[in-house]
Amino acid sequence: MKQLSEFVKERRKEVNLTQEEFAERAGVALTVVRKIEQGKTNLNLDKVNLVLRMFGHVLGPVNQKELSK
């Protein structure tokens, strides 16, 4: 499974945006995008979801048993 940091960085680069441009369009601070892409673990879920919504995704609870099917 792809890490959140890799997913966001790859998708941002696919749409050819800098971290600053992306943060502005997502409605979050530049530090939020940087923390996500650096793989920091102390993140605000609401801010992460603002970023993920740019790609049509959201982050939420997942039952681990369902992942192993």
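1. The protein chain averages a pLDDT (the predictor's confidence in each residue, from 0 to 100) of 93, and 97% of the residues score at least 70. Among the elements, α2 has the highest mean pLDDT, 98, while helix α5 (residues 64-67) has the lowest, 80. Where pLDDT is low, the predicted coordinates should not be read in detail.

2. The C-alpha atoms fill a box of roughly 40 × 25 × 20 Å along the principal axes.

3. Now a look at burial: 26% of the 69 residues of the protein chain count as buried (under 20% relative accessible area, with a 1.4 Å probe and protein chains only).

4. The pair to zoom in on is helix α2 (residues 19-26) and helix α3 (residues 30-37), whose axes (lines fitted to C-alpha atoms over the stretch in contact, with angles from 0 to 180 degrees between N-to-C directions) come within 8 Å and cross at roughly 115 degrees. Here Q19, E20, F22 and A23 of α2 meet L30, V33, R34 and E37 of α3 (contact means heavy atoms within 4.5 Å). By class, this contact has 4 nonpolar, 1 polar and 3 charged residues.

5. A reading note to finish: residues are numbered from 1 along each chain as its sequence is written, and side-chain values use heavy atoms, without hydrogens and water. Local features need pLDDT of at least 70 and side-chain atom pairs count only at pLDDT 80 or more, whereas totals for chains, interfaces and linings use all residues.

How values were computed
Helices (H or I, at least four residues) and strands (E, at least two) are DSSP runs, numbered from the N terminus. Ala, Val, Leu, Ile, Met, Phe, Trp, Tyr, Cys and Pro count as nonpolar, Asp, Glu, Lys and Arg as charged, and the others, Gly among them, as polar. Buried means under 20% relative accessible area, exposed over 50%, partly exposed in between (1.4 Å probe, protein chains only).
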